[in-house]
Structure formats: C-alpha cells, structure tokens
Amino acid sequence: MKLKNVLIVVKDIEKSRKFYHDLFGLALIVDNDGNMVLTEGLALQDEKIWKDFLGRDIIPENNASELYFEERDLEGFVQKLDRLYPDVKYVNRLMTHSWGQKVVRFYDPDGNLIEVGTPM
C-alpha cells in the first residue's frame with residue numbers, strides 16, 4: 001500500500017489551483033468537476049462536495065495539519081509570495097529555528113496551513 005494523495009478542501013477550486021501553481025509550480029493532472037489532482041500528489045476538493053460528503057462544517061485555520069515544502073532560495077520565495085499574494089495571512093514570517101533551518105508559515109486562501117523551509 002502507498003499514500004497516493006493529500007486532499008485539502010477549498011472554496012474556489014480554480015483560485016486554489018492558480019495559487020498552488022503560481023507559488024509552487026504544481027500543475028493540473030486531473031480535473032473531475034470539483035475535484036482536482038495536481039502534481040506532487042496534492043488534491044483539491046470543492047468545499048460543497050466535502051460538506052455534503054461529511055455532513056459537517058469545514059473549520060479553516062484549524063492548525064491540525066500543514067503542507068510542507070522545501071525551497072533553497074527561501075528569501076526569494078518570500079519575495080514572490082509577498083508580490084503575488086500581498087494579503088496572505090502569516091503564522092510566522094521568515095525565521096530561523098535553533099537548528100539552523102529557515103522557515104515561513106502562512107495560510108492558503110482557504111485557511112490550510114503551509115510551511116516552506118530550507119532543505120535539511
């Protein structure tokens with residue numbers, strides 16, 4: 001058995017597809033009317049479909065999980081993030097952990113937590 005995808009719930013699937021393409025270069029593999037699979041195994045699902053499936057409310061910014069990316073030029077990435085998405089909500093701006101890794105954490109447009117760090 002293997003893990004195939006990680007799914008996140010989004011309000012505007014096209015806006016989210018663009019966000020993940022603009023910042024991380026993820027490309028569309030499959031578009032199934034409210035469900036998209038992007039490269040690197042990220043799946044987007046329309047909030048309405050997810051709510052109908054679960055029968056529960058979606059809780060943005062629940063901080064129960066995060067998408068983790070690595071980037072060697074983290075300062076350049078943060079500049080791109082600020083230029084393309086100036087209204088992004090940061091959890092923490094660019095910082096350096098005690099073990100030397102630089103990281104930045106922020107939410108995508110739907111409150112899914114993202115961390116981008118330098119490779120370890």
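A: Start with Lys18, which is partly exposed because its relative accessible area is 44%; buried means under 20%, exposed over 50%, partly exposed in between (1.4 Å probe, protein chains only). This is a predicted model: local features need pLDDT of at least 70, side-chain atom pairs count only at pLDDT 80 or more, and totals for chains, interfaces and linings use all residues. Residues are numbered from 1 along each chain as its sequence is written, and side-chain values use heavy atoms, with hydrogens and water left out.

Q: Which residue meets Lys18 in a salt bridge?

A: Side chains of opposite charge can pair when their charged atoms come close. The cut-off: a side-chain nitrogen of Lys or Arg within 4 Å of a carboxyl oxygen of Asp or Glu. Here the partner of Lys18 is Asp22, at 2.7 Å, N to O. Both lie in helix α1, 4 residues apart, about one turn of the helix; helices (H or I, at least four residues) and strands (E, at least two) are DSSP runs, numbered from the N terminus. Asp22 is partly exposed, at 21%.

Q: How many salt bridges does the whole structure hold?

A: The search finds 7. Arg105 forms one with Glu66, closest N and O atoms 3.7 Å apart. Arg105 lies in strand β7 (residues 102-107) and Glu66 in strand β5, so the pair ties together parts 39 residues apart in sequence.

Q: Which residues are linked with Arg105 in a network of salt bridges?

A: Glu66 and Glu115. The Arg105 to Glu115 bridge has its closest N and O atoms 3.3 Å apart. Both Arg105 and Glu115 are buried, while Glu66 is partly exposed at 33%.
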